Amino acid sequence: MSFTTPTIDWAAFAPIIIVLGAGAAGILIEAFIKTPATRRTVQLALSLVALATALGVIIAQWVALDGAGTVVMSGMVTVDRQALAWMAILLVFGLLSMLLFASRDGGGPFTEIGATAPGSIEEKLARRAGLQLTEVYPLALFAVGGMMLFTCVTDLVFLFVALEVFSLPLYLLVAIARRRRYLSHEAALKYFILGAFSSAIYLFGVALIYGATTVTDVNMIATAIVNISDADPLLLAGSVMIVVGLMFKIGAVPFHSWVPDAYQGAPTAVTAFMGAATKAAATAALVRVMFVAFAPLEWELSWLIWAVAIASMVYGTVVALVQTDVKRMLAYSGVAHAGFILVAFAGLEGEALAALPFYLLAYGLATIGAFAVVSQVRERAEDGGVGAEAVRLGQWAGLGKRSPVLAGSMALFLLSFAGIPLTAGFIGKFEAFSAAVAGGAWPLVLIAVLASAVAAFFYVRLIVLMFFTDAPEGSEETIAIEDSALTRVVIYVTAAAVLVLGILPSGVLSVFADASVLLVGVGG
């Protein structure tokens, strides 16, 4: 038998190649540059240049795009405007997160050496020697590159490869927090085990879909489903398992159990990156799977979308109400937002293809900004220095007097999460809910609006603590406000973006409207 080598348009892959290539170069830097401070500077510069260059290439590809898009690797990858829009969002999140990774507040978010037991002599010696865990930069680049690939893959088997490329680095990044390392290890272990379980479910679904249709290309699957006369149980079971595997990455109920532990235990910089970028990448993949491969199964899968969306909104909102830890509260807020994201999928209306990128952009910017603020509010160590993050809600009382800028920025991000007008979150929810209404899912939108109203309570509760509650006597001696230049840049940029997108969203919405056409039909 002869093997036909597929023709690959490497130019279409340029942004992904740049990011993954920079990650590979970062590994070599770890081997050849011995001085920790120099290595950190080089790694940060390489990461920022690679991500910015990839973003510039995406803009150039957008302008020069001929027709709907480019089909690469015999239809296994499709680079269309939808994919380019998601890639650009991920690169923006990556650039902001890299600045948080490089922040040295509180000694930095990462342990000096990740291969030792917490509190061991080796760890103390590494701290005294001034070692720095600079491997986090190539790991983050590989994660971003895998997420970018995840947005444009149109073959279910290749989609699993992209899934693992960005998941494996995240498992490692969660485990290397500088402080509270046992909690970090526990979070990483839970994330890894549940991630492996969800990957197995996804692969089992792909196997069932292949058994029912004999193809794994998303376009060919849609054609095969149309030609199948009866509702094949093999087909329905496989489609449900694939959607469930992707919903795990979004953090929707009941596939959310990794979210609060991973958010709480991971280094705060990693939490910000994971909370924003993972949701965006998983949503992009779910868009292509639902709107192309399983579009003929809209009626059969609608119950799953509705049930998971309602469960996520209700459960995430109710549990967030009783949280006393800021990071866990934001984690359950993310679970509720996973439900809001799924609301846009109801009816599979074309408006969702423009609404979802905007929603994830607005949510991601507010998420990165909120966790950047969390990293600046710290406990004071026994030696008078800066300790771990002050994540108990009571520790945030009176923050508005001690640091008006931090408290004001956090209030803005919380209001955006709540969907208050003049913030990006309001526009995002309006667009997502409008897409659902257009698909006839107004009862689901009604539930979403009620959940948003209830969720506003725990957002406002934190705002009241910061501005209208006096700090307990003597708390000023136990709480320290960090002043990291890189982190402050991230806070200012994200706060400005949340305001601009809330007041003047038309430009970005028009860009995403241009991207609301999926290149389909190439596989059949």
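A residue counts as buried when its relative accessible area is under 20%. In this predicted model, Phe166 has a relative accessible area of 0%, so Phe166 is buried. Phe150 is buried too, because its relative accessibility is 1%.

These two residues also meet each other. Phe150 and Phe166 form an edge-to-face aromatic pair, with 5.2 Å from centre to centre and 70 degrees between the planes. Phe150 belongs to helix H5 (residues 136-152) and Phe166 to helix H6 (residues 156-174), so the pair links parts of the chain that are 16 residues apart.

A search of the whole structure turns up 16 aromatic pairs. A pair of aromatic rings is described by the distance of the centres and the angle of the planes. Another of these pairs is Tyr171 with Phe192: the ring centres are 5.4 Å apart and the planes stand at 85 degrees, so this pair is edge-to-face. Tyr171 lies in helix H6 and Phe192 in helix H7 (residues 181-213), so the contact ties together parts that are 21 residues apart in sequence.

Elsewhere, a charged side chain meets a ring. Arg81 lies over the face of Trp62, at 4.8 Å from the ring centre.

## The largest pocket

Now for the empty space. Rolling a probe the size of a water molecule over the atoms shows where empty space is left. The largest pocket has a volume of about 330 Å³. Its lining holds 16 residues, and those nearest the centre are Ala85, Ala88, Ile89, Val511 and Phe512. The elements that give two or more residues to this lining are helix H2 (36-64), helix H3 (81-102), helix H14 (352-374) and helix H20 (506-514).

By class, the lining of the second largest pocket has seven nonpolar, five polar and seven charged residues.

## Cavities

The whole structure holds four cavities of 30 Å³ or more. The second largest cavity has a volume of about 50 Å³, and the residues around it are His337, Tyr359, Ala362, Tyr363, Ser416, Phe417, Gly425, Gly428 and Lys429. Two or more of the lining residues come from each of H14, helix H16 (404-418) and helix H17 (424-438).

The lining of this cavity divides into four nonpolar, four polar and one charged residue.

H3 and H16 have already come up as contributors to linings. At 1.5 Å a residue, the 22 residues of H3 should span 32 Å, and the end C-alpha atoms are 32 Å apart, which agrees. H3 is mostly covered, with 19 of its 22 residues buried.

H16 has 15 residues and reaches 21 Å from its first C-alpha to its last, close to the 21 Å expected at 1.5 Å a residue. H16 is mostly covered as well, with eleven of its 15 residues buried. Those buried residues are Leu406, Ala407, Ser409, Met410, Ala411, Leu412, Phe413, Leu414, Ser416, Phe417 and Ala418. Among them, Ser416 and Phe417 also line the second largest cavity. After H16 comes Gly419, whose phi is positive, near 80 degrees.

## A look at Ala496

Ala496 is found in helix H19 (residues 485-503). At 39% relative accessibility, Ala496 counts as partly exposed. Ala496 and Tyr332 are 164 residues apart in sequence, and their C-alpha atoms are 25 Å apart in space.

Terms used. Residues are numbered from 1 along each chain as its sequence is written. Side-chain values use heavy atoms; hydrogens and water are left out. On a 1 Å grid over the protein atoms alone, a cavity is a set of points where a 1.4 Å probe fits but cannot get out, and a pocket is an open set with protein on both sides within 12 Å along at least five of seven lines; lining residues have an atom within 4 Å of a point. Grid points are joined across faces, edges and corners, and a volume is the space filled by probe spheres set on the points. Helices (H or I, at least four residues) and strands (E, at least two) are DSSP runs, numbered from the N terminus. Ala, Val, Leu, Ile, Met, Phe, Trp, Tyr, Cys and Pro count as nonpolar, Asp, Glu, Lys and Arg as charged, and the others, Gly among them, as polar. Rings of Phe, Tyr and Trp (its six-membered ring) pair if their centres lie within 6.5 Å; planes under 30 degrees apart count as stacked, over 60 as edge-to-face and the rest as tilted. Buried means under 20% relative accessible area, exposed over 50%, partly exposed in between (1.4 Å probe, protein chains only). A charge sits over a ring if NZ of Lys or CZ of Arg is within 6 Å of the ring centre and within 35 degrees of the ring normal. The expected span of a helix is 1.5 Å times one less than its number of residues.
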